[in-house]
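Student: I would like a close look at a single part of this model. Please keep the answer connected and give the cut-offs as they come up.

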Amino acid sequence: MKIASASKTNQSPLLRRKQGFAYYLQRDWQLYLLVMLPLAFVIVFKYLPMTGLVIAFKDYKIARGFWGSEWVGMEVFQELFAKADFIKAVRNTLLLNVLDLCFSFTMPIVLALLLNEVKSIRFKRINQTILYLPHFLSWVIIGAIAYQLLSEGGGVVNNLIELMGGTRIPFLQEDNNWLISYLAIGVWQSMGWGTIIYLAAMSGINPEMYEAATVDGAGRWRKVWNITLPSIRATIVTLLIMALGKVMDGSFERIYALQNKATTEFTTTIPVLVYRWGIESGNFSRATAIGLFQSVIGIILVISADRVAKKLGEDGIL
Amino acid sequence: MKATAGGSAVPHKARIDIWEFLIRLAIILVSLICLLPFIHVVSKSLSSDSFVIANKVFLWPQGFTIEAYKKIFADASILRSLYITVIVTVLFTILGMILTICAAYPLSRAQFKGRRVITFIFLFTMYFSGGIIPDYMNINNLGLMDTIWSLVLPLSFSAFNLLIMKTSLTHGIPVSLEESARIDGAGHFRILFSIVLPLSKPIMATLALFYAVGRWNAYQDALFYIKHEISLRPLQLKLYYLVIQASESFQLEATQVQLSNPEVLKASVVVFATLPILCVYPFVQKYFVQGVMLGAVKE
């Protein structure tokens, strides 16, 4: 009977009295018990590592341990900003991610608009199934396929180019070509999957709006421009804000699977540098500092983008 | 499948005009770009060396042979990696689902006090983290290096999946159903197991598959945490050493697999590691799409 009366209290706010937390703890102890397990996990595997960030301000020596190492203030950061590799990594990270944002962010929107225009449901389904496919492959496999297709010696793309009388292109073995291949492969991997969220937003558009526009004499493009696009604007803005937060980040797995010894100009990025300095060379303080720098920039970007979006009358995400 | 039903369809005007034709053509082209690379790699893996070396293989196997696959299945170290990946993926998915449900159910109940604070604690991890090195030191301090637990435990909680599950439970379970159960005297555990979980099958299937595919494909953590125990390398890491590094140095890792032409071997290893996902994919695709949309539409 206790539960029944509790739910009654919950239902009618007029009758609800202020209760101490102990009351709720006793009433809903099962819920609190459930949430303990994930909470413990988050604390051990997400929050505990955050305390490790202090070694960015210490001269971390493994022998002296986490507490025994000396405080050095901002010294690690000063040293970091003087490193040529670091400047290069920041430049490359920005370059790769901003370009990626330009192409990998816009292609799904274009593709979703195209798919939305198709009337045959069967045609749409078959093509969607194929378009989602690359999303389910690991970067190792994509890297391997890329080498099979694009390598200068035996890649099928070069074989075709040669067959048609062109010269072979080192798609993955020369810096600028590598950059273009990197971006194209990113678009290839993500564009189909990226359409899902936009198509979902489009499915929520009231069909009467299109009917009214047709009556008013609007053509196909007019309807896309004046109805479909404005209707998915909120979705676009939300995803854009989230993408902006990753501009200083970038996938380690993607770069690591596509890089090779011939193309080092653009592959030195922040995640790669963290790996190289930290895990390969054991310079934990410096690698932590660069990671912290990246997280802080990321969070600043998300917050500012969110503010700007709100100023412009959008919902934002925070 | 609301998304595929489309919005702009005007039913009484279904004839194919020139624009419809061009749009379909563009979509088919993009689809082919997504599909043809696989077909090429599969063809290569089933061809004989001489045709591959002569650059004769495009979209159909030449000199059909399954020699390369026989060699993969004869290599104990590749099968061992497959076994590790399967074990890790299963454990990871089960644990991930338990954690997600345990967090999402309480957080979706309006009467649960302290909901906002706890939600913040979970979602904050989406935007801020210690980063690679503190994570690495944490795993090291917990003594998980070179164990399969380093691949199972750290990533098993996903704030993103929690958000999807929470949204789905908040909107998807009728409040009246829960209330009638309460009046009949059911506690939260009973409600969760007898009402909420059975009603949430689609979203649970989706998230389980998110977890499984994510784990199956990841290799970054294995690269960091599995340093010395070569026998614990999951398939993707094995693949990385075998295929990606080999394409730089043209030297294969010490395995029993030896082929005169590594291209055919590489192609077949790629197909071998992709096949499990490709077999599951057609069956689960609709769940994936539904799940993503549940999270998307109501955000």
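Student: Is A:Arg220 buried or exposed, and what is the relative accessible area of A:Arg220?

Tutor: A:Arg220 is buried, at a relative accessible area of 16%. Buried here stands for under 20% relative accessible area, exposed for over 50%, and partly exposed for what falls in between, with a 1.4 Å probe and protein chains only. This is a predicted model, in which local features need pLDDT of at least 70 and side-chain atom pairs count only at pLDDT 80 or more, while totals for chains, interfaces and linings use all residues. Residues are numbered from 1 along each chain as its sequence is written, chains are lettered from A and ligands numbered from 1 in the order in which they are written, and side-chain values use heavy atoms, with hydrogens and water left out.

Start with the partner in chain A. The side chain of A:Arg220 forms a salt bridge with that of A:Glu117, at 2.9 Å from N to O. A salt bridge is a side-chain nitrogen of Lys or Arg within 4 Å of a carboxyl oxygen of Asp or Glu. A:Glu117 belongs to helix H6 (residues 84–117) of chain A and A:Arg220 to helix H12 (residues 220–231) of chain A, so this pair ties together parts 103 residues apart in sequence. Helices are DSSP runs (H or I, at least four residues), numbered from the N terminus. A:Glu117 is buried as well, with a relative accessible area of 7%.

The other partner is in chain B. B:Asp17 and A:Arg220 meet through their side chains in a salt bridge of 3.4 Å, N to O. Across the interface of the two chains, the rule finds three salt bridges. On the chain B side that touches chain A, helix H2 (residues 18–45) of chain B gives the most, with 17 residues. Between chain B and chain A there are also 19 residue pairs in polar contact, both residues at pLDDT 80 or more. A polar contact is a pair of N or O atoms within 3.5 Å; within protein, one must be able to donate a hydrogen and the other to accept it, and residues adjacent in sequence count only if both atoms are side-chain atoms.

The interface as a whole gives the setting. The contact (heavy atoms within 4.5 Å) takes 109 residues from chain B and 107 residues from chain A. About 10,100 Å² is buried between the chains, and carbon and sulfur atoms give 73% of that area. Buried area is the accessible area (1.4 Å probe) that two parts lose on being put together, summed over both.

For comparison, consider other pairs in chain A. The whole structure has 17 salt bridges over all chains. One of them joins the side chains of A:Glu162 and A:Arg168 at 3.3 Å, N to O; A:Glu162 is partly exposed, at 43% relative accessibility. Another joins A:Lys310 and A:Asp306 at 3.1 Å, N to O. These two lie in helix H16 (residues 284–311) of chain A, four residues apart, about one turn of the helix. A:Lys310 is partly exposed, with a relative accessible area of 39%, whereas A:Asp306 is buried at 4%. Back at A:Arg220, salt bridges that share partners join A:Glu117, A:Lys119, A:Arg220, B:Asp17, B:Glu20 and B:Arg24 into one network.
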